[in-house]
Amino acid sequence: MDNKKELIKYIRSLGLQVNTGTKARGHQGFFIRNRIDVSKNIPENRIIPTLLHEFAHYIHSKIEPDMNRTGGNLDILFGVKEDEILEELIKVTNFVDKNSLCLKLYEHKDRIKNKIKEYERVIKSEYPDFMRSKPFKKFDKYIKRSDARYLLKYDRVRIITGFWRKKQRLLSVTSIEEDFPDMPKSFAAYIRLKSAQKKQSRVTTRISKLHKYYSKPNELFARFVEGLYLDKDWVCALAPKASKLFFERLKYGYYQELENVLELTGIIDTVTSFTQNLH
């Protein structure tokens, strides 16, 4: 049996529109109202997990109609306080979606941090008392008379001057020595340090936003359902309490049509054994 076709057929029978030929708004999949989009660009083995993920959002929206606005509540989904299962569900999310670990962003942040220390060493070689947390008065005095002051705000800037604005000069933090050959090395390092600090702040903000996104109850629930398809044994090992609660509620129809969907994908066959083992 073609599980993918059967799954799509069943979901459509519920009155949902299922599209598999779009870009899904830049994501692998997308759910809104009664519509599920699965990106045409994902590999074949990602179609069913993505359908399950988005269908879980649909079921969640039926349980909590304002889910899209609030992000949902774990206590409503699982029947216990959030702090009792949050850590388990985050572990499942980290298994299902490695991007939730933000490893590349943390690596990038560490590289920027090392660059900042490197620039600081250059500055302190000439100004031993330099501190990042205090004004750099020597630099401030120098920069007022230089076009390099624009590089404190932008990494690249085009300066247009002259009659009829015909003269142009392109400045960059990567070519300070060429653009300003008379600038002391410590001052060039300070400009790059300030640029690196801005990059570090942007990366930190990006990490924070991703953690907030992946920690939303609606996303935790969807990735839990997705994870059951990918490796139900491992998900139950990572989240024993959440799994026990989920299968108990599934058994009594709390998740509505999700039970049928899990049956179509082969997950439901182990519900009885799981609930027995988890008691």
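# Helices, strands and single residues

User: Which hand does the crossing of H1 and H2 have?
Analyst: H1 and H2 in this predicted model are helices, that is, DSSP runs of H or I with at least four residues, while strands are E runs of at least two, both numbered from the N terminus. A crossing is left-handed if the near helix is turned anticlockwise from the far one by less than a right angle, and right-handed if clockwise. The crossing of H1 and H2 is left-handed.

User: What kind of model is this, and from which number are residues counted?
Analyst: The model is predicted, so local features need pLDDT of at least 70 and side-chain atom pairs count only at pLDDT 80 or more, while totals for chains, interfaces and linings use all residues. Side-chain values use heavy atoms, leaving out hydrogens and water, and residues are numbered along each chain, as its sequence is written, from 1.

User: How are H1 and H2 placed relative to each other?
Analyst: The axes of H1 (residues 3–13) and H2 (residues 47–63) come within 10 Å and cross at roughly 20°. Axes are lines fitted to C-alpha atoms, for helices over the stretch in contact, with angles from 0 to 180 degrees between N-to-C directions. Angles under 35 degrees count as roughly parallel, over 145 as roughly antiparallel, 65 to 115 as roughly perpendicular and the rest as oblique. H1 and H2 are therefore roughly parallel.

User: How many nonpolar residues are in the contact of H1 with H2?
Analyst: Asn3, Lys4, Leu7, Ile8 and Ile11 of H1 meet Ile47, Ile48, Leu51 and Phe55 of H2, where contact means heavy atoms within 4.5 Å. Ala, Val, Leu, Ile, Met, Phe, Trp, Tyr, Cys and Pro count as nonpolar, Asp, Glu, Lys and Arg as charged, and the others, Gly among them, as polar. Besides 1 polar and 1 charged residue, the contact has a nonpolar count of 7.

User: How are H5 and H11 placed relative to each other?
Analyst: The axes of H5 (residues 82–96) and H11 come within 8 Å and cross at roughly 105°. Glu84, Ile85, Glu88 and Leu89 of H5 touch Pro240, Lys241, Ala242 and Leu245 of H11. By its angle, the pair is therefore roughly perpendicular.

User: Which strands stand at the edges of the sheet?
Analyst: Three strands form an open sheet with mixed pairing, in the order S1-S3-S2; two strands pair if DSSP finds at least two bridges between them. S1 and S3 run parallel with 4 bridges, whereas the 4 bridges of S2 and S3 join antiparallel strands. One side of each edge strand has no neighbour in the sheet, because each has a single partner strand; these are S1 and S2.

User: Is arginine 33 buried or exposed?
Analyst: Arginine 33 lies in the loop between S2 and S3 and has a positive phi of about 50° although it is not a glycine. Buried means under 20% relative accessible area, exposed over 50%, and partly exposed in between, with a 1.4 Å probe and protein chains only. At 67%, arginine 33 is exposed.

User: What is the relative accessible area of histidine 57?
Analyst: Histidine 57 sits in H2. Leaving aside residues up to four places away in sequence, histidine 57 touches Phe31, Met67, Asn218, Glu219 and Ala222. Histidine 57 counts as buried, since its relative accessible area is 8%.
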